[in-house]
Amino acid sequence: MSKKTSRRNVGQAMGEMFRTVLQTPITEKYPFGDKVVTERFRGKLDIDPVKCTGCSICEIVCPAQVITMVPVGKKMIGTREVEIKRPSFELYTCIMCGQCVDDCKFGALTLTRNFELAVFKKESTIMRKALIIGK
Amino acid sequence: MNPLQVVELLLFPGLTFFVWLAFAFEWLDRKTYARMQGRRGPVVTGPFGLLQPVADFFKLASKEEIVPTQSDKFVLRWGPALYFAAPAIGIAFIPILGTQAILYHPLDLLFMLFILAFSTLMAAMLGYASAGRYSTIAIGRLVVQYTSYEVPLILAMITPAVLAGSLSIQGVVVAQGSMWYIVIAPVAFAVFIIAALAELEKPPFDIPSAKTEIVGGWMTEFSGNTLAYVKLTKSLSYVFLSALAVSLFLGGSGGPAISANQNLQSVFYASYFLVKLFAVGFLFFVIKTALARVRIDQATKLFWTIITPLSLAQLAVAILWVFR
Amino acid sequence: MSEDTKPDQRRESSAGLMQYSVESAMPFGPVHPSLKEPEYFKLILEGEKIVQVIPRIGYVHRGIERAAQERTWVKNTYLFERICGICSFAHSLGYTHAVEALTGFEVPKRGRYIRLIVAELERLHSHLLWLGLVGHWAGFDTLFMWVWKDREHILDLEEAITGNRVNKSYSVIGGVRMELPDGIATKIQTELKYIEKRADYYTKLVETEETFTVRTKGVGRITQETARRLCPVGPLLRCTGIARDVRAEDPYAAYDEVPPHVQTSNDGDIASLLTLRLDEIRDSCRMVSEAVEKLPTGPYKVSIPRAVPQGESTFHVEAPRGELFYFVKSGGGSAPERVKVRSSTVANILTATEMLKGHTLADVPIVLTGMDPCFGCMDRISVLDVDKSKEWSIGGEELRIYGIEYYKRKLS
């Protein structure tokens, strides 16, 4: 059926429209179906408590002030009594920049690929798992 | 009116049937629109997202209704009901189960014209009653667009009446028989489609409810129940205009008579009608997806300089054909 | 209007405003569906025709320049890339280059090439985003969805290289943050070929589709002399035929070895902006492909001590929207003393308001989108005198008095 206008070039998109129907749609069927992010995707922060030594570098370099060093005990170095600290993370402030991951000399921190970060209570994102192993 | 007519009017093929058809049209609209753009459209509610329009309707109906303080509350309360009633009653005159419609009048084609005019009048009244800055601009555009498309639409609808020699829709359907009027008067069909796009406020003529410029057009201030029914009425107008196109140009529910049994034959007639209805609807959807929105002055110029003369010419040709 | 009560000096200097009937001033924004970010435009209408547009900015002012004074040099990298979502890497480049100029260290070649690749990929994504938006505001949603579908290919590439689609955090003081992933070269070449093919299709589509060209041809036209007077930057300047591009005139990153072909188009309206940006898309594809082939081996960053010596430095980059300008002042401490950002949209906004004169309300979204506004970038300025055009200049005090008189008249 021809368009009854004197302009010849209306409906240029028609051919492409029908071609697009035959291709796979670009939208993913999230949350059903696979969740695909690339390897380097910066998702939720994770810490390996075994590797952490409490050096506090992550607290100093974090741009968003996510990390607080919490004292968890004391130990003796020589004759001095030194406080042992471990980090606690307020992950609702984290911007997932990865600066702490880059600067941690012991490789304790990683950014996982988890992007489903919605919670009902802000406080439930506070990560304290590094505080348990205190020695 | 016998009780059977009342039941037919309310259930099948009357109001309830057409509300479900409106939902189905909306689903098909969103699905083709999305697929042609490389997206998926509704997928979650119901199989293939078929229940999405129903879910949207109930969601809107369950929301709080916020009415601006300066609006005309009487019109906003009763206007949507009248706006809904216009296409709903019009549909009863269109023959689906064969050549008989539920309601009949020898001049019901004129009543269809009145219904179309009445719809726009109610839309303008509702927009005016909403007392918002965007609504006021929108009804200005709506009325301007209305004056442009009304004449070609009427001429395009009169052409089949002239060809059939009858001013009732049933008469037009019967007179077509196997020679559909789209073959004899294709220009009138094209003009009808274009003017119908303007009536329904779909691209390229969706200026009165241009979402990106004036928020929601004349529907800006509606929410809750009112918005649910107004949107349903827009879908219903979609079905109504498609049904008109089918009856006037595509032979209505006519088709080969397969069975001798009257009731079984009605089923076949209804399915012919539905197939043609969805074909016309699909045509609307494809045109809507392919074109951008034109400005109001460009639309007016298009209608007055090109479409109206074409429809006049077509009417002249049709008259000559009848009196040949 | 009681013009006799106004002193002559104000009437002359504010001739532009007083001439027109201000009863039909229509606010556009700050919250409007056609604006991605809030800005307030006062449109002064006669009927549906616009005779003047007065912008009022500052809705996205976040105090970033002040916040930068309290953060260390490294932390500021993350702050400045979040000024804008679309030209994020350009801001990052501007800041890191300005600080590197202060330290005196030079970024190794491979780092510079990688910066070019990511910057041009960002230009691709920004131009595709803009193209989709023009389609959307013109009512052509199909074009919008198709273009953004293609843009996903670029964003996936960026995510594979840098780890994020928007705030890439990839440029550090001294180079780039990490090495390119394996096998990225072939992936980039494949996607670029696809994008070039699509750019050819879109060029054909936007130039021939009649319902779209009536919205864009002749709309928002500016002449070269207006451009010279109002000084826009970026594609808005190049669409009038003036060929100015920071990458060609003052090369940074690897642009001296992979130079851009500066594109211009001649009409100064939205249609020529469309052809210009599509040409720039093709040029960016060519540059990325060339840079990937010529990529030198070597280190990708140089280690710089975290204390930046005293001094001032300025740097400009070509963000997708135009010239982006950074000024960094260091007092020798761990935090910068002052960082000043002049982004491209603030230079373009007056030109955009000039483009709108004589058009109707229906053209406002398209023209405002045509200048590719990034109000998040723009509201950096702490003190701004909007009225710099020579035709009408009102100082703050006159505007205040005018406002008082206007409302007094309205209520009487």
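Visitor: Hi! Which residue stands opposite C:Lys329 in S8(C)?

Guide: Hello! C:Lys329 faces C:Arg338 in S8(C). Keep in mind that this is a predicted model.

Visitor: Thanks. How many bridges hold the pairing of S7 and S8(C)?

Guide: Strand S7 of chain C, residues 322-330, pairs with S8(C) over five bridges, in the antiparallel sense.

Visitor: And what sheet do they belong to?

Guide: An open sheet of three strands in chain C, in the order S6-S7-S8, with antiparallel pairing. Strand S6 (311-319) and strand S8 (338-342) of chain C are the edge strands, each pairing on one side only. From one strand to the next, the twist averages 15 degrees.

Visitor: Which helices pack on that sheet?

Guide: Helix H5 of chain C, residues 88-103, packs on the sheet and touches S6 and S7 of chain C. The direction of H5 makes about 150 degrees with that of S6(C). Helix H14 of chain C, residues 344-355, also packs on the sheet, touching S6, S7 and S8 of chain C. For H14, the direction makes about 135 degrees with that of S7(C).

Visitor: Okay, new topic. How many residues go into the contact of chain C with chain A?

Guide: Chain C puts in 20 residues and chain A 18. Helix H4 (73-80), H7, helix H8 (184-208) and H9 of chain C each supply at least two residues on the chain C side. H7(C) gives the most, with six residues.

Visitor: What classes are they?

Guide: The side of chain C that touches chain A has six nonpolar, seven polar and seven charged residues.

Visitor: And where chain C touches chain B?

Guide: That contact takes 19 residues from chain C and 21 residues from chain B. Helix H6 (109-137), helix H7 (141-162) and helix H9 (210-216) of chain C each supply at least two residues on the chain C side. By class, that side of chain C divides into 11 nonpolar, five polar and three charged residues.

Visitor: Let's look inside chain B. At what angle do H9(B) and H12(B) pack?

Guide: At about 145 degrees, with their axes 9 Å apart. Helix H9 of chain B covers residues 186-199 and helix H12 of chain B covers residues 296-322. Their crossing is left-handed.

Visitor: Which residues meet there?

Guide: From H9(B), B:Val187, B:Ala188, B:Val191 and B:Ile194 meet B:Ile307, B:Leu310, B:Ser311 and B:Gln314 of H12(B). The residues of this contact divide into six nonpolar, two polar and no charged.

Visitor: Last one: what's the average pLDDT of chain A?

Guide: Chain A averages 84, and 91% of the residues score at least 70. Over residues 1-6 of chain A, though, pLDDT stays under 50. The model has 11 contacts beyond four places in sequence for that stretch. Where pLDDT is low, the predicted coordinates should not be read in detail.

Key. Residues numbered from 1 in each chain as written. Chains lettered and ligands numbered in written order. Predicted model: local features only at pLDDT ≥ 70, side-chain atom pairs only at ≥ 80, totals over all residues. Pairing = 2+ DSSP bridges. Helix = DSSP H or I, 4+ residues; strand = E, 2+ residues; numbered from the N terminus. Axes fitted to C-alpha atoms, helices over the stretch in contact; angles between N-to-C directions. Contact = placed C-beta atoms within 7 Å. Nonpolar A, V, L, I, M, F, W, Y, C, P; charged D, E, K, R; others polar. pLDDT = per-residue confidence, 0-100. Left-handed = near helix turned anticlockwise from the far one by under 90°.
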